[in-house]
Amino acid sequence: MPSSSAEDSPWRRIGADGSVTLTIHAQPGAKRTEVAGVHGDALKIRVASPPVEGRANEELRRFLADAFGVPRRNVTLVRGETGRRKTLRIASPAARPDRDWAMEDER
């Protein structure tokens, strides 16, 4: 069990099954896809795709799948198909980059 409060970030929930649910503020049309810090109670991610025909959502799913070391099918868009605020769930994450993102959040 982690000793820091990193698991308690307002933008992240850990499920009993080990899944990770993230609240994300997406910024489409960026030069590259990357984590850009925290925006209120959401993790801000710049997305290198325009918000057209679901391309930004697909790029966001690809980015999270790569970051967490899972196939894209393990990343589910739970809420926020058309808005900037989204909820995504990562099932069976092999890696946990969100822990590093939380440390940046606490600085």
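Q: What is the volume of the largest pocket, and what makes a space a pocket rather than a cavity?
A: The largest pocket has a volume of about 160 Å³, where volume means the space filled by probe spheres set on grid points joined across faces, edges and corners. On a 1 Å grid over the protein atoms alone, a pocket is an open set of points with protein on both sides within 12 Å along at least five of seven lines, while in a cavity a 1.4 Å probe fits but cannot get out. By the way, this is a predicted model: local features need pLDDT of at least 70, side-chain atom pairs count only at pLDDT 80 or more, and totals for chains, interfaces and linings use all residues. Residues are numbered from 1 along each chain as its sequence is written, and side-chain values use heavy atoms, leaving out hydrogens and water.

Q: Which residues line the largest pocket closest to its centre?
A: Lining residues have an atom within 4 Å of a point. There are 16 of them, and Pro51, Ala56, Asn57, Gly83 and Lys86 are the closest to the centre. Helix H1 gives the largest share, four residues, and strand E2 (20-28) is also among the elements that supply at least two. Helices (H or I, at least four residues) and strands (E, at least two) are DSSP runs, numbered from the N terminus.

Q: How many residues of each class are in that lining?
A: Eight are nonpolar, four polar and four charged. Here Ala, Val, Leu, Ile, Met, Phe, Trp, Tyr, Cys and Pro count as nonpolar, Asp, Glu, Lys and Arg as charged, and the others, Gly among them, as polar.

Q: Why is the pair of Phe68 and Trp101 called edge-to-face?
A: Rings of Phe, Tyr and Trp (its six-membered ring) pair if their centres lie within 6.5 Å; planes under 30 degrees apart are stacked, over 60 edge-to-face and the rest tilted. The count comes to one aromatic pair. The centres of Phe68 and Trp101 are 5.9 Å apart and the planes are at 85°, so edge-to-face it is. Phe68 sits in H1 (residues 55-68) and Trp101 in helix H2 (residues 98-106), so the pair ties together parts 33 residues apart in sequence.

Q: Which residues touch the most other members of the largest nonpolar core?
A: Of its 21 residues, Leu22, Ile24, Ile45, Leu64, Phe68 and Trp101 do. Such a core is a set of buried Ala, Val, Leu, Ile, Met, Phe, Trp, Tyr and Cys residues joined through side-chain atoms within 4.5 Å. H1 has the largest share again, with six residues.

Q: What makes Val78 partly exposed?
A: Buried means under 20% relative accessible area, exposed over 50%, and partly exposed in between (1.4 Å probe, protein chains only). Val78, in strand E5 (residues 75-79), has 44% and so counts as partly exposed.

Q: How do you know that Glu53, Ser92 and Thr82 are exposed?
A: Glu53 has 77% relative accessibility, so it counts as exposed; Ser92 has 57% and Thr82 has 81%.

Q: What is phi of Glu53 and of Ser92?
A: Phi of Glu53 is near 55°, and phi of Ser92 is near 50°. Most residues other than glycine have a negative phi, yet the value is positive in Glu53 and in Ser92. Glu53 is in the loop between E4 and H1, and Ser92 in the loop between E6 and H2.

Q: Why does the charged end of Arg12 count as sitting over the ring of Trp11?
A: The rule asks for NZ of Lys or CZ of Arg within 6 Å of the ring centre and within 35 degrees of the ring normal. The charged end of Arg12 sits over the ring of Trp11, 5.2 Å from its centre.
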